[in-house]
Amino acid sequence: MKVKEIKKILSANVLCGEDKLEEECLSGCGCDLMSDVLAFSKVKMALLTGLTNPHVVRTGEMLDVVVIIFVRGKVPSDEIVQLAQERNIAVLTTGFTLYEACGELYKHGLPGRICL
């Protein structure tokens with residue numbers, strides 16, 4: 001699923017990474033515990049979270065995160081957006097809850113794991 005499709009499904013706003021809208025996400029992960037995200041770790045991942053601190057971007061940088069989606073209408077600080085931009089990670093924000101956002105993306109075909 002492309003980032004632009006995620007944006008549309010979640011009625012999301014792009015905070016940075018307009019140039020990444022054509023990037024493909026192969027899986028999604030919804031989590032506020034970055035240690036769990038590290039354990040999940042998949043390729044070309046969309047990370048959905050309500051946690052708005054720089055650790056989210058640093059975790060995304062260590063993994064193959066294409067886009068970070070902040071849920072519940074949360075808007076990260078300019079520092080976090082700039083950090084994501086420097087790390088070449090798109091950032092979206094949506095009014096959906098974490099549960100709803102994950103459900104919508106799963107319903108539209110974004111898996112939580114890649115079955116090869």
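Student: Which side chain of opposite charge is nearest to Lys20, and how far away is it?
Tutor: Keep in mind that this is a predicted model. Lys20 sits in the loop between β1 (13-16) and β2 (27-30), and it is buried yet has no salt bridge. A salt bridge needs a side-chain nitrogen of Lys or Arg within 4 Å of a carboxyl oxygen of Asp or Glu. The nearest side chain of opposite charge is Glu23, at 4.1 Å.

Student: Then what is Lys20 in contact with, leaving aside neighbours within four places in sequence?
Tutor: Lys20 belongs to the loop between β1 and β2. Set aside its neighbours within four places in sequence, and its contacts are Val3, Val66, Asn88 and Ala90.

Student: Is Phe70 buried or exposed?
Tutor: Phe70 is part of strand β4, residues 65-70. Buried means under 20% relative accessible area. Phe70 has 0% relative accessibility, so it counts as buried.

Student: How far apart are the C-alpha atoms of Phe70 and Leu98?
Tutor: Along the chain, Phe70 and Leu98 are 28 residues apart.

Student: What is the phi of Lys44?
Tutor: Look in the loop between α2 (34-40) and β3 (45-49) for Lys44. Its phi is positive, in a residue other than glycine, with a value near 45°.

Student: And Arg72, which has a positive phi of about 60°: where does it lie?
Tutor: Arg72 isn't a glycine either, and at 40% relative accessibility it counts as partly exposed. Its place is the loop between β4 and α4 (78-86).

Terms used
Residues numbered from 1 in each chain as written. Predicted model: local features only at pLDDT ≥ 70, side-chain atom pairs only at ≥ 80, totals over all residues. Heavy atoms only, no water. Helix = DSSP H or I, 4+ residues; strand = E, 2+ residues; numbered from the N terminus. Buried < 20%, exposed > 50% of the residue type's maximum accessible area, 1.4 Å probe, protein only. Lys, Arg positive; Asp, Glu negative; His and termini not counted. Contact = heavy atoms within 4.5 Å.
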